[in-house]
Amino acid sequence: MRNSMMTLREYYQEDNVYRMMINHIPVGIIIREQGKWVYTNQYVLNILGANKKEDVLGKNFRDFIPDDVIEQLKEKGHNANFIEPNEFTIKRLDGHSIDVELKIFSTAYENKNYEYLIIQDITGIRDGERALFQSEKLTMAGELAAGIAHELRNAVTSLRGFLQLAISENPELNKYSSIMISEIDRIHHLNNELMSIAKPKETLFVKKELKSIIKNVIVLLNTQAILHNIQIFIDYPHELNELIIRCDEDKMRQVLINLIKNSIEAMPDGGEIWLKVKQLKKQVIIQIIDQGKGIPKEFLEKIGQAFFTTKHNGTGLGLKVSYQIVQFHGGEMRIKSKLGKGTTVEIRLPFEKS
């Protein structure tokens with residue numbers, strides 16, 4: 001309790017210090033009276049995405065915390081004086097979900113009952129744990145790949161060699177040979193992708209014109225696109241013709257090939273693929289836009305994880321390797337998609353002036 005003899009100036013100084021301290025502590029404090037919020041500090045406004053206290057004061061607890069969370073709190077003794085911290089997912093004002101740790105205790109003041117909620121955003125902690133878990137999965141995948149890849153490569157090479165020898169000695173096998181060789185080559189391709197995760201090759205960066213890399217990839221894939229009744233178009237501004245990137249050309253071509261082939265496979269009924277290039281400040285943006293089936297929203301966050309794929313015969317390794325290559329080049333890769341509308345893959349890379 002404040003000293004009754006303090007001056008008015010001292011009172012306001014103490015009150016301001018108290019408010020400043022409460023507003024700057026790294027946890028949220030909420031006071032509720034009869035279900036309504038009557039006080040909140042700045043931390044709560046920040047994690048809820050509120051611009052001012054009026055956005056939350058006077059609102060009901062249920063406006064921010066889902067009903068199932070409230071039911072869980074009741075089951076754990078909502079009316080108790082103190083409830084041990086519990087983790088929940090709540091919604092911000094912009095609709096995004098965040099993970100929080102919530103503590104509640106009750107008190108009485110001047111014949112009124114109040115509840116104090118101590119809330120802390122733990123989204124970053126949980127994201128870190130999920131990233132660590134994903135990293136551990138990739139490490140296990142790498143160790144597994146390293147253990148089998150060398151033996152598998154030798155076996156596949158021998159199989160292909162003996163199959164070609166058998167075909168040369170027995171022409172009747174020709175009607176089956178293309179299928180068998182295609183499947184053996186597919187195993188070899190999968191093995192190479194496993195190896196690139198288990199033991200990435202050294203990246204050799206040299207200066208290359210981006211336009212020449214893109215043209216080479218289009219020439220390589222254009223025949224496959226035509227066979228699927230697909231046209232590939234390039235939108236490359238004239239002023240960027242001599243744009244230079246420092247890259248490993250083979251690996252950058254591998255990324256573009258992976259992404260365009262994905263677009264081709266996503267369009268069984270034909271259509272158009274657009275490859276657009278533009279500049280944004282110190283980055284060059286490469287967009288690959290298709291008219292395919294699109295990717296369900298619930299799968300988008302998993303795209304790029306090893307062994308996750310939406311293809312019937314896919315492995316998920318192609319996109320994982322592509323993500324890694326782009327990151328090695330100091331860039332980032334983003335994917336946007338709508339069911340029935342198509343998918344846009346965006347690569348952002350640093351560039352140099354020619």
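**Entry 1: the hairpin.** I began at the turn between strand 9 and strand 10, a hairpin with two residues between the strands. Lys281 in this hairpin takes a positive phi near 55°. I note here that the model is predicted.

**Entry 2: the strands on either side.** I looked up how strand 9 (residues 271-280) pairs with strand 10 (residues 283-289). The two run in the antiparallel sense, over seven bridges. As one example I took Lys276, whose bridge partner in strand 10 is Gln287. Next I turned to strand 7, residues 230-235. Strand 7 pairs with strand 9 in the parallel sense, and I found six bridges listed for that pair. Ile234 stands opposite Leu275 of strand 9.

**Entry 3: Ser263.** I then moved to helix 7, which covers residues 249-265 and includes Ser263. Is Ser263 buried or exposed? Its relative accessible area is 3%. Buried means under 20%, so Ser263 counts as buried. I also checked what Ser263 touches once its neighbours within four places in sequence are set aside. The contacts are Ile273, Ile288 and Asp290.

**Entry 4: confidence.** Last, I looked at pLDDT. The mean for the protein is 76, and 69% of its residues reach 70 or more.

Conventions. Residues numbered from 1 in each chain as written. Predicted model: local features only at pLDDT ≥ 70, side-chain atom pairs only at ≥ 80, totals over all residues. Heavy atoms only, no water. Helix = DSSP H or I, 4+ residues; strand = E, 2+ residues; numbered from the N terminus. Buried < 20%, exposed > 50% of the residue type's maximum accessible area, 1.4 Å probe, protein only. Contact = heavy atoms within 4.5 Å. Pairing = 2+ DSSP bridges. pLDDT = per-residue confidence, 0-100.
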